[in-house]
Amino acid sequence: MSLVDVENLSIRYGANTVLSNVSLSIDAGEIVTIVGPNGSGKTSLLRAIIGAVKPSKGRVTLGRDVRLGYVPQKLHIDPTLPMSVARFLALPHGVAPAQIEAALKQAGVPELAMAQMSRLSGGQFQRVLLARALTGDPQLLILDEATQGLDQPGSAAFYQQIEKVRRDTGCAVLMISHELHVVMSASDRVVCLNGHVCCEGTPEVVASAPEYRALFGSGTMGALALYRHDHDHAHDASNHTKKKAAE
């Protein structure tokens, strides 16, 4: 059974229609990435799924008792406000210390519990937002361009952590990304939006679709080949290391 079903969803802001007749579903355990140009309705779709935007038409149906975790693009915290990471994660519902510790570990930053929020780097701040989303043990983790503003190494490390979270917890992941190499490396399925669903499928299928290539160019197919090469090389190197250790 799907965690989320979106059926014929349309969203309008005044006279402006940002999404028209969008349908998709998210199944347990899969990573789905939404891509599309600026203004294509990506964030509006996520906001409709979490209930922050009311559809003009269609509906969003969540599976029974489905738990959602949400990582926003950005979150402003007054830099003059003294607040530790642990205190931030405990708000607003008094999350237990054990849950905070587990969430920070899952996010890859167990050492940050006592750090001040105002002194975190951009990458650390996004990891803390990820930990906040994980405190509720979500079945579906939703990320709205969560690496915006990070450099390429920081972005790559963040998405590697997302893949690890999926492996360790079994949660599904729905994310928006403008980094096409990430789409090709981390997704089970890609949905290309431009006010409507242009195309969807595996990264290989979408990268070959005329609608995708019209939006992003044919050169983006190289991102998939590059990922496969790097992934296979890393896999071979890992196996070689394990073999040497066994010897």
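Predicted model: local features only at pLDDT ≥ 70, side-chain atom pairs only at ≥ 80, totals over all residues.
The mean pLDDT of the chain is 86, and 87% of its residues reach 70 or more. Confidence falls below 50 over residues 221-247, a stretch that makes 13 contacts in the model beyond near neighbours in sequence.

Six strands form an open sheet with mixed pairing, in the order 5-6-7-3-8-9. The edges are taken by strand 5 (68-71) and strand 9 (197-201); each has a single partner strand, so one side of each is left without a neighbour in the sheet. From one strand to the next, the twist averages 15 degrees. Within the sheet, strand 3 (residues 31-35) and strand 7 (residues 172-176) run parallel and are joined by four bridges. M175 in strand 7 is the bridge partner of T33.

Helix 5 (residues 152-169) lies across strand 3, strand 6 and strand 7, running at about 155 degrees to strand 7.

In soluble globular proteins, nonpolar side chains tend to be buried together. The largest nonpolar core of the model has 36 residues, and L141 and L143 are those with the most contacts inside it. At least two residues of this core are supplied by each of helix 2 (85-90), helix 3 (97-106), helix 4, strand 6, helix 5, strand 7 and helix 6 (180-186). Helix 4 gives the largest share, seven residues. Another core, of 25 residues, lies apart from the largest one and includes V18, A48, V66 and I142. The surroundings of L143 can be listed in detail. Leaving aside neighbours within four places in sequence, L143 is in contact with L46, V71, F158, I162, V173, L174, M175 and I176.

A disulfide is a covalent bond between the sulfur atoms of two cysteines. With a cut-off of 2.5 Å between sulfur atoms, the count of disulfides in the model comes to zero. For C198, the nearest cysteine sulfur is that of C192, 4.6 Å away, and C198 is in no disulfide. C198 is buried, because its relative accessible area is 17%, under the limit of 20%. C171 also counts as buried, at 2% relative accessibility.

Most residues other than glycine have a negative phi. Two exceptions in the model are N21 and E145, neither of which is a glycine. N21 is found in strand 2 (residues 16-26) and has a positive phi of about 50 degrees. Its relative accessibility of 40% lies between the limits of 20% and 50%, so N21 counts as partly exposed. E145 has a positive phi of about 45 degrees and is placed in the loop between strand 6 and helix 5. In contrast to N21, which is partly exposed, E145 counts as buried, because its relative accessibility is 10%.

Key: Residues numbered from 1 in each chain as written. Heavy atoms only, no water. Pairing = 2+ DSSP bridges. Axes fitted to C-alpha atoms, helices over the stretch in contact; angles between N-to-C directions. Contact = heavy atoms within 4.5 Å. Buried < 20%, exposed > 50% of the residue type's maximum accessible area, 1.4 Å probe, protein only. pLDDT = per-residue confidence, 0-100. Core = buried A, V, L, I, M, F, W, Y, C linked by side-chain atoms within 4.5 Å.
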